[in-house]
Amino acid sequence: MRRLTIWQALAISSQFGFLLAAAVLVGFGLGWLVDRWTGVGALAYFAGATLGMVAGIYSMIKLVRAFLQRRG
Amino acid sequence: MEGFVVEIPAAVVFMLGPIPITNTIIAAWLAMAVLIGFSVLATRRMELVPRGMQNVAEFAVESLLAICEQVAGPKGRDFLPLVGTLFLFILVANWMGILPFWGESDWIHHGVHWTHDHGPPLRSANSDLNIPLAMAAIVAVWVQWLRIRSSGVLGWVKHLTIGPPPLLELISEISRPISLALRLFGNIFAGGVLVYVMTELTKLVVPIIFMGFELFVGIVQALIFASLTLAFMSLAAAEHGHGEEHSRATH
């Protein structure tokens, strides 16, 4: 593990809100597609948005790890 | 302060056949011209001990290489062409955005209400969502190519859908370029509007402070875009490495 530089910390913190919002939107979009195919209704939207939220957090954790891991 | 008019879509300057050429596209071309011109001048008479523009160019390349290697290790050198190009283009385009004739900061046309018929001559390239989206799409394609190279098409599809964890990778991969583009666009567009509003409200001195702030935001945003691109590529490359190790272990 290594310490983040100020630019890396800024990149992570400024990306967090946008990534979470984008992931929820993408999840919601997937829910919309599932609803169109299966007709399950609001449940698909809810599941999609929830999955998107989890994916956003998962993606952020991976991003932080990418900066923290020492390579080479 | 009657009638602030701020429009999100870029103004169409002329049509090239069916393709509309907007003031942001022209601003992007100008940023490219500045970079190409600088590169030509800096490398025209290269010397062993660099001086002048060659010195500046070498400093920029070495600094970017150090950033790439800090995040991605020795593989960072492979990422330098894309990451460095994106950084320099975003930086120059952002900084050119506060020049006269560029969008909301255009004090020469002060008082004119911009519309599609009478738009500002130019506008910062990154204040048009299409340009950050195009750059983010290039990054996304490159990252996916790194992944496909590591695990093959079937393995890549499996990784995106089944996981583990299932579907999270797919949503992550789609949302990363979207968030990358939205952040850059949001910051640069908001900065342009801020300078425009301050110019309308206070006319003198105060806008200069905000323009200085925009110079700072310009380099910060370029660094953030480059750093995140680097992190996404380094993640894909690391998984590439894991893939190779895994396949060596199983054979």
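**View 1. Chain A and how much of it is buried.** Buried residues make up 33% of the 72 residues in chain A, where buried means that 20 or more other C-beta atoms, placed from the backbone, lie within 10 Å of a residue's own. This is a predicted model, in which local features need pLDDT of at least 70 and side-chain atom pairs count only at pLDDT 80 or more, while totals for chains, interfaces and linings use all residues. Residues are numbered from 1 along each chain as its sequence is written, with chains lettered from A and ligands numbered from 1 in the order in which they are written. Chain A has 2 helices and 0 strands; helices (H or I, at least four residues) and strands (E, at least two) are DSSP runs, numbered from the N terminus. The radius of gyration of chain A, taken over C-alpha atoms, is 16 Å, well over the 11 Å from the globule rule for 72 residues, so chain A is more spread out than a compact globule. That rule is 2.2 Å times the number of residues to the power 0.38. Along its principal axes, the C-alpha trace of chain A spans about 50 × 25 × 15 Å.

**View 2. Where chain B meets chain A.** Here 24 residues of chain B are in contact with 26 residues of chain A, contact meaning C-beta atoms, placed from the backbone, within 7 Å. On the chain B side, α2 (52-72), α5 (168-202) and α6 (206-250) each give two or more residues. The largest share, 10 residues, comes from α5(B).

**View 3. A walk along α5(B).** This helix has 35 residues and reaches 49 Å from its first C-alpha to its last, close to the expected 51 Å, which is 1.5 Å times one less than its number of residues. Look for the kink of about 25 degrees at B:Ser175, shortly before B:Pro177; the bend is the angle between axes fitted to the seven residues ending at a residue and the seven starting there. Since 27 of its 35 residues are buried, α5(B) is largely enclosed by the rest of the structure.

**View 4. Inside the largest nonpolar core.** A nonpolar core is a set of buried Ala, Val, Leu, Ile, Met, Phe, Trp, Tyr and Cys residues joined through C-beta atoms within 7 Å. Of the 71 residues in the largest one, B:Phe87, B:Ile171, B:Leu230, B:Ala231 and B:Met233 touch the most other members. Again α5(B) gives the largest share, 15 residues. Beyond its neighbours within four places in sequence, B:Phe87 is in contact with B:Leu64, B:Ala222, B:Leu223 and B:Ala226.

Note on methods. Contact = placed C-beta atoms within 7 Å. Buried ≥ 20, exposed ≤ 12 C-beta atoms within 10 Å, placed from the backbone.
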